[in-house]
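Please read the points below alongside the sequence and the model.

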Amino acid sequence: MFPMCDGSEIPEGCGLIILAELKDCLDRSSGTQEIGQFQKIVGGLIEIVDQLAKEAENEKMKAIGARNLLKSVAKQREAQQQQLQALIAEKKMQLERYRIEYDALSKVEAEQNEFIDQFILQK
């Protein structure tokens with residue numbers, strides 16, 4: 001609460017009312033009491049401006065924190081994507097090895113079946 005020239009008080013956050021009261025006091029200034037009241041009003045205005053500056057700084061820090069969080073999430077996703085791509089490449093290579101092994105084993109099986117067939121026919 002900030003005192004006004006007429007003795008009443010106004011709540012915090014009412015900067016325009018304080019400015020109007022300040023103008024009114026300047027228009028009627030006629031002595032030390034008015035100067036004291038002027039100093040109180042200016043002090044209140046300074047407090048409001050300081051509070052607004054602190055709130056603006058807090059919001060700025062929140063925004064910076066949110067931006068940094070988004071950047072780190074994006075980097076994590078990119079790293080995860082690279083890991084998955086490497087895993088896919090590894091699995092493709094493994095699949096190709098299995099195909100080659102299967103082809104070789106199929107060939108061996110065919111040769112063994114042919115050998116068995118010839119052995120049976122010879123008896």
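1. Of the contacts in the chain with a separation of 6 or more, 35% join residues 24 or more positions apart; a contact here means heavy atoms within 4.5 Å.

2. The model is predicted: local features need pLDDT of at least 70, side-chain atom pairs count only at pLDDT 80 or more, and totals for chains, interfaces and linings use all residues. Residues are numbered from 1 along each chain as its sequence is written, and side-chain values use heavy atoms, with hydrogens and water left out.

3. The chain contains two helices and two strands, in the order β-β-α-α from the N terminus. These elements are DSSP runs, numbered from the N terminus (helices: H or I, at least four residues; strands: E, at least two).

4. Of the chain's 123 residues, 13% are buried. Buried denotes under 20% relative accessible area, exposed over 50%, and partly exposed the range in between (1.4 Å probe, protein chains only).

5. Two salt bridges are present, each defined as a side-chain nitrogen of Lys or Arg within 4 Å of a carboxyl oxygen of Asp or Glu. One links K62 to E59, with the closest N and O atoms 3.5 Å apart. Both residues belong to helix α2 (residues 32-122) and are three residues apart, about one turn of the helix. K62 counts as exposed because its relative accessibility is 56%, whereas E59, at 48%, is partly exposed.

6. R99 and E96 form a salt bridge at 3.8 Å, N to O. They too lie in helix α2, three residues apart. R99 is partly exposed at 47% relative accessibility, and E96 is partly exposed at 39%.
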